[in-house]
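Please keep the sequence and the structure in view while reading.

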Amino acid sequence: MRNVLLLLIFISIPFHLFAQQKLSWNDLAEVSFHNVYNVYYDDYFLKPTFGPVIKSYEGSKISIRGYFLDFSYEEEFHMVSKKPMSSCFFCGGAGPETIVEVIFKNKPNYKTDQVVEVTGILELNTDDVDHCNYILKEATARLVQ
């Protein structure tokens, strides 16, 4: 009986907790937004409500392919985007679900709009308006040919 119970527990744990999963931009689109007033900025911001599937990946090692964006100035700030900067990555109907903030272990030497596959630990951000809704921490990247 004990072995059966252990087997049932093991089977009920989502498989993606054990291995890196490749997510698509369609996976990240499993989110809805509503306006929430922010007292500090005296403005309204989109607050995400993540769907159950994407929530199940929080804290998991995932990878996603997209366009590298480097917004570093005084501080390092990098993103990967569904669309390239050269075609206005965040306009033309794109929303917050089309970008992922990336915090690298070691900053790669890529240029904006190069296609990369980024791997890291997924964090879902619902409250900090100074960061993206999707964040990859401890990230690494590789150039995609």
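The sections below describe a predicted model, starting with the chain as a whole.

## Overall fold

The protein chain contains three helices and eight strands. In sequence order, these elements follow the pattern α-β-α-β-β-α-β-β-β-β-β.

The chain has 145 residues, and 35% of them count as buried. Its accessible surface is about 9300 Å², with 55% of that area belonging to carbon and sulfur atoms. Contacts between residues at least 6 apart in sequence were also examined: 61% of them join residues at least 24 apart.

Strand E5 covers residues 78-81. His78 and Val80 point one way from the strand, Met79 and Ser81 point the other way, and all are buried. In a regular strand, side chains alternate between the two faces of the sheet.

E5 is antiparallel to strand E4 (residues 61-70), and four bridges join the two. In this pairing Tyr67 is opposite Ser81 of E5. E5 also pairs with strand E6 (residues 99-104), again in the antiparallel sense and over four bridges. Here Met79 is opposite Glu101 of E6.

## Nonpolar core

The largest nonpolar core consists of 22 residues. Those with the most contacts inside the core are Leu28, Ile54, Val80, Val118, Leu122, Tyr134 and Leu136. At least two core residues come from each of helix H2 (25-28), E4, E6, E7 and E8. E7 provides the largest share, four residues.

Which residues does Tyr134 contact, leaving aside its neighbours within four places in sequence? The partners of Tyr134 include Leu28, Ile54 and Leu122, which are also among the core residues with the most contacts.

## Loop and helix positions

Asn133 lies in the loop between strand E7 (115-124) and strand E8 (134-143). Is Asn133 buried or exposed? Asn133 counts as buried, because its relative accessibility is 11% and the cut-off for buried is under 20%. Not counting residues up to four places away in sequence, Asn133 touches Phe33, Pro48, Phe50, Pro96, Glu123, Leu124 and Asn125.

Pro52 belongs to helix H3 (residues 52-55) and is exposed, with a relative accessible area of 65%. The C-alpha atoms of Pro52 and Glu30 are 8.3 Å apart, although the two residues are separated by 22 positions along the chain.

## Surface patch and backbone angles

A nonpolar patch on the surface is formed by Tyr37, Val39 and Tyr44, which together have about 360 Å² of accessible area. Tyr37 is part of strand E2 (residues 31-38) and is partly exposed, at 39% relative accessible area.

Asp42 is not a glycine but has a positive phi of about 50°. Asp42 sits in the loop between E2 and strand E3 (43-50) and counts as exposed at 55% relative accessibility. Glu138, also not a glycine, has a positive phi of about 55°. Glu138 is located in strand E8 and counts as exposed at 54% relative accessibility.

## Salt bridges around Glu117

The count of salt bridges comes to six. One of them joins Lys22 and Glu117, whose closest N and O atoms are 3.6 Å apart. Lys22 is in strand E1 (residues 21-22) and Glu117 is in strand E7, so this pair ties together parts of the chain 95 residues apart in sequence. Lys22 counts as exposed at 58% relative accessibility, whereas Glu117 is buried at 8% relative accessible area.

Glu117 also forms a salt bridge with Arg65, the closest N and O atoms being 3.8 Å apart. Because Arg65 lies in strand E4 and Glu117 in strand E7, this pair ties together parts 52 residues apart in sequence. Arg65 counts as partly exposed, at 43% relative accessibility. The side chains of Arg142 and Glu117 meet in another salt bridge, at 3.5 Å from N to O. Arg142 is in strand E8, and this pair links distant parts of the chain, 25 residues apart. Arg142 counts as partly exposed, at 40% relative accessibility. Through shared partners, salt bridges join Lys22, Arg65, Glu117 and Arg142 into one network.

Note on methods:
Residues numbered from 1 in each chain as written. Predicted model: local features only at pLDDT ≥ 70, side-chain atom pairs only at ≥ 80, totals over all residues. Heavy atoms only, no water. Buried < 20%, exposed > 50% of the residue type's maximum accessible area, 1.4 Å probe, protein only. Contact = heavy atoms within 4.5 Å. Areas by Shrake-Rupley, 256 points an atom, 1.4 Å probe, with all protein chains shown as cover. Patch = residues over 30% accessible without salt bridge, like charges linked within 9 Å, V, L, I, M, F, W, Y side chains within 5 Å. Salt bridge = Lys/Arg side-chain N within 4 Å of Asp/Glu carboxyl O. Pairing = 2+ DSSP bridges. Core = buried A, V, L, I, M, F, W, Y, C linked by side-chain atoms within 4.5 Å.
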